[in-house]
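Hi,

Here is the model I promised to pass on. Have a look at it first, and then read my notes below.

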Amino acid sequence: MKEKLQSIKEEAIRQIEASDVPEKLNDVRVKFLGKKGELTAVLKGMKDVAPEERPKVGQLVNETRAAIEEILEDTKKKMEAAIREGRLKAEVIDVTLPAKKNMVGHRHPNIIALEEVERIFVGMGYEVVEGPEVEYDMYNFEKLNIPADHPAKDEQDTFYINKEIVLRTQTSPVQARVMEEGKLPIRMIAPGRVFRSDEVDATHSPSFHQIEGLVIDKNISFADLKGTLEVFAKELFGPETKTKFRPHHFPFTEPSAEVDVTCFKCGGKGCRFCKGSGWIEILGCGMVHPHVLEMCGIDPEEYTGFAFGVGLERIALLKYEIDDMRLLYENDIRFLKQF
Amino acid sequence: MNTSLSWIKAYVPDLNVTAQEYTDAMTLSGTKVEGYVELDKDLENIVIGQIEKIEKHPDADKLIVCQVNVGPETVQIVTGAPNVKEGDKVPVVLDGGRVAGGHEPGQKVAGGIKIKKGKLRGVDSCGMMCSIEELGSTKEMYPESPDNGIYIFEDDAVEGESAVKALGLDDVVFEYEVTSNRVDCYSVIGIAREAAATFGKEFVPPVVKETGNTEDVNDYIKVRVENADLCSRYCARVVKNIKVGPSPKWMQRRLASVGIRPINNLVDITNYVMEEYGQPMHAYDLDTIAGHQIVVRTAEKGEKFVTLDGQEREMDETVLMICDGEKAVGIAGIMGGENSMITDDVKTMLFEAACFDGTNIRKSSKKVGLRTDASGKFEKGLDPNNAQAAIDRACQLVEELGAGEVVGGTVDVYGKKKEPVRVPFDADKINALLGTHIPEAEMLGYFEKIGLSYDAESKEVIAPTFRHDLFCLADLAEEVARFYGYDNIPTTLPRGEATTGKLSFKLRIEEVARDIAEFCGFSQGMTYSFESPKVFDKLLLDKDDPARQTVQIMNPLGEDYSIMRTVSLNGMLTSLATNYNRRNKNVRLYELGNIYLPKALPLTELPEERMQFTLGMYGDGDFFSMKGVIEEFFEKIGLREKETYDPKAGKNFLHPGRQANIIYGGKVVGYLGEVHPAVADNYGIGERAYVAVIDMPEVVELATFDRKYKGIAKYPAVSRDISMVMSKEILVGQVEEIIEKNGGSYLESYQLFDLYEGEQIKEGFKSVAYSITFRANDKTLEEADVTAAMTNILTALEAMGIELRK
């Protein structure tokens, strides 16, 4: 019996070794271990074995089965590994072939710049608000301390709908509207479209965007304005950026300033980009004029505040080195795709 | 506004700074210097030489050989200049020096031209004698220059000294951006005052002495002002026995340095005082003034008048005129008349220094179509107290220059005198506003430097009338800040109550719109809010389409920009056309922008501004790609009900068979479709183009970012396929509606998987197949559950005349 089992085992090993594909291994399994296989036949022949021998023979059969199974499994694993290896070798691709891109759209450079500005100010606790683009003269001018005969109101600068209604020339009227609501303190920015009667050329557009900023609270000082805009400039143009505040005049702020930042191209050394000065003007700002506060129902003795206005296109043109403003409104896909 | 450095130094004698130092410091103290030009930047090694001897060139008829004494030595210079003679003193650029340009005006060369010794036709020439053009200026500015040839100095010029200095070219001209509140800085004196304060030097303005003979000007001229509101002051003085001639070189040089052409002593004096004091003046020939009387009054409507440039101009009743006893002699503050202008034969002259209403001058100047140096100054609103000072200064110059005999006294019509403004001062409040700790005494020191005085008793700062920008404490704070230095103010961040930084809900929804559009391949465009009224015809809108009711701009840049858009498509189609013309393929654009809908016309209140999410594309993709974008968007903003599409959108500009209103919750929230080929033609788009417009206010109202998790199904789904043949008239949307209505509570989803028209299907019909899926979330469905639902669906479909294929 023992010999028989040994020869079955040897025959099985021989056949396993002769197999070249997994299917053949399976045939071997069926032939030796299957229900009608040779080992099963041995078990079926147990009735001819003496009862006291049976456990021993049973054990021998099981050992043989285990041995064959192990070899079968081993061989199968090796065989599969070899096949996978072969497949992988055959599947080498040229990874430098062109990518299959999804068609993804691009955001307008103005809006990319705006979102950066919004991110900075929202992080500092500012709310982003909006106001009407077609605006009352009263908000666009009067409440901002720009009286009826002020040259800024000239038709050469302002688009009029009628005597009382204009296309807003600045985002500053949103200041007045927010102040009038009377919810204090105020920290807000108001981005939006504004209009001036300028013919279209490389540096002018009759329609462009501004971002207005306004902070009203107790004890707000010019130093706070400086600090805030310094943070803004560093965030927007890089941590090395320096700011310079120059006295200026706006009817609705006093004191007022224009702000230059160190040229982000040359770092302040002077280059073609900053016309050799090392500085680039980016915004106007100032302490909200007490008369403006008063007109909007805020007591200037109790509250002070600052305001600033940034030209969005100016930021976008500078940041992305766009040399012609008209590109922003042509919507040529070859332009837009670069952002 | 321009000034030369030397002119500033005339009133700030101790000022000793480089052009760049001046520029930086003045800009930081509030007088912004836009730029400067060093007049001698390309002039090097140029001295005065005297021609001692002239000989003919041996080999050239047109050349001469000069021996020129340049001080330490005599050099030989060959020239072709026709105008020199022995004894002439001329500018000579020595060997190795530089000149600014060639012979002709406007031939300036960047970096100048280097002059080296050499031979001209075989004869040594060491240096070059210069024309005024070669020195970088023009005959206009140096009227004594010859028409053609070498500049010749007067006899008192000294050989060997700098010719650049002698010509006043060792100077710098600054250009300022003066802000509208600082009218006083439209004058050399005003800027000099700021410069003195900025650099901490003494300010020495001109001292004006009393002028005039013993006669009384009132015997020469009477003045009556009829419109005192438009002419707050009118000063008149008279000069007789006039001797017209050139003004002295120093005056000519100063005028030339700021770009004013010297003419003669009288004109130059008025121009000089206008620059120096910022007060425009006018001179009339008194002998032409009828009745020796000046009347200041507004013009008649349609009144014609010939200004001294010979142009006839038409006035209206708001334009202020200067008249004599019979006729107009000048347009107030803008330009004098031809009939009263000064000629070389003038004997007696009337000087006018007045103060006119700035706004009126600005408007008149525009109406008349004439903007002059004078009107440019007046329109800023001048200080009436400056008029007397200026006219006295002018008369002083007349006497100093020997230009005539000044008659004693001034006719001064001055109604309500402008008084200095008193501004309450509080150093603590200024420090609080600035965030500084500047001592009070330091503040008062700044004020003193710029001519503001302080009344310690009332604690008021007294602002002189030339500073009409100082009214309140904040104004004083700015004066303190600019001399303390904006740079020296500390930087802090606002303290106080914390606030929440956030975007409004509307802006957040717009952000999602941008994201979705871009995920779907659309790039963001921007177009103007105003457009041409012709767009409605271009879009084939009916004559009575409500979109034609527009907000119109009174003063547009042109008809093409004259109405506020009421539909957002024109900008989109124009942009698509731009891309199409530039042969860009597969273009997908979107825009988020307002349309402006008037509530009533003519406009009495602000129009309604509605944000439109507009998409447009041509190239790859079709109607259904566009529809996909909309559904992705709706899903992302929490519009989870099924949107429906009504093909009867009634849009003329869209393909009649390929358009739909987008309906959500029973409301039209937008539309989409293929652009009508006629409209595509109108715009020049040569491919099928698709557009969609979402009316954002409608969807923002319904949108939500709330989400609730629903358990992932545990029990298996059961699917049934149905195949139908139906009239083409029936929309699959109708089929879906039936499935939804009759599918019962286990209905999970349905999917169109086949649509076929053509062979094997009878004419006018289509074959449609759906896979319908059912699932229960609490059990495995039984056959009976599904069959019941399917029966309901099929019955309803059959009732619509749909044939089911088994």
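This is a predicted model: local features need pLDDT of at least 70, side-chain atom pairs count only at pLDDT 80 or more; totals for chains, interfaces and linings use all residues.

Residues are numbered from 1 along each chain as its sequence is written, and chains are lettered from A and ligands numbered from 1 in the order in which they are written.

**Where the chains meet**

On the chain B side, 76 residues are in contact with 70 residues of chain A (contact is C-beta atoms, placed from the backbone, within 7 Å). Helix α12 of chain B, residues 473–484, gives the most to that side, with six residues. By type, the chain B residues there divide into 36 nonpolar, 27 polar and 13 charged. In that tally, Ala, Val, Leu, Ile, Met, Phe, Trp, Tyr, Cys and Pro count as nonpolar, Asp, Glu, Lys and Arg as charged, and the others, Gly among them, as polar.

Helices (H or I, at least four residues) and strands (E, at least two) are DSSP runs, numbered from the N terminus, and two strands pair if DSSP finds at least two bridges between them. Across this pairing, A:Val128 stands opposite B:Leu503.

A:Val128 also leads back into chain A, where A:Glu118 is in contact with A:Val128 and A:Ile189, leaving aside neighbours within four places in sequence. A:Glu118 belongs to helix α5 of chain A, residues 109–123. Is A:Glu118 buried or exposed? It is buried, because 20 other C-beta atoms lie within 10 Å of its own (20 or more is buried, 12 or fewer exposed, in between partly exposed, with C-beta atoms placed from the backbone).

**Two sheets in chain B**

One open sheet has four strands in the order β38-β39-β37-β40, with antiparallel pairing. Its edge strands are β38 (747–756) and β40 (803–805), each pairing on one side only. Neighbouring strands are turned by 30° against each other on average, direction ignored. (Axes are lines fitted to C-alpha atoms, for helices over the stretch in contact, and angles run from 0 to 180 degrees between N-to-C directions.) Strands β37 (718–727) and β39 (765–774) of chain B are joined by 10 bridges, and B:Ser727 has B:Phe765 as its bridge partner in β39(B). Helix α19 (732–742) of chain B lies across β38 and β39, at about 30° to β39(B). Helix α20 (783–799) of chain B touches β37, β38, β39 and β40, and makes about 10° with β37(B).

The other open sheet has three strands, β1-β11-β2 of chain B, again antiparallel. Here β1 (2–4) and β2 (32–38) have a single partner strand each, so one side of each has no neighbour in the sheet. The twist averages 25° from one strand to the next. Six bridges join β2(B) to β11 (172–177) of chain B, with B:Val33 partnered by B:Tyr176. Helix α2 (19–28) of chain B lies across β2 and β11, at about 170° to β2(B).

**Cores**

The largest nonpolar core has 205 residues, and B:Ala394 and B:Phe351 are among those with the most contacts inside it. A core here is a set of buried Ala, Val, Leu, Ile, Met, Phe, Trp, Tyr and Cys residues joined through C-beta atoms within 7 Å. Helix α9 (385–401) of chain B supplies the largest share, eight residues. Beyond four places in sequence, the contacts of B:Ala394 include B:Ile269, B:Met281 and B:Phe351. A second, separate core of 73 residues includes B:Met617 and B:Leu672.

The peptide bond from A:Leu184 to A:Pro185 is cis, with omega near -5°; A:Pro185 is in the loop between α7 (173–181) and β4 (186–195) of chain A. The bond from A:Glu254 to A:Pro255 is cis too, with omega near -5°, but A:Pro255 is in strand β7 (253–262) of chain A.

A:Glu321, which is not a glycine, has a positive phi near 55°.

Cheers

Technical notes: Two residues are in contact if their C-beta atoms, placed from the backbone, lie within 7 Å.
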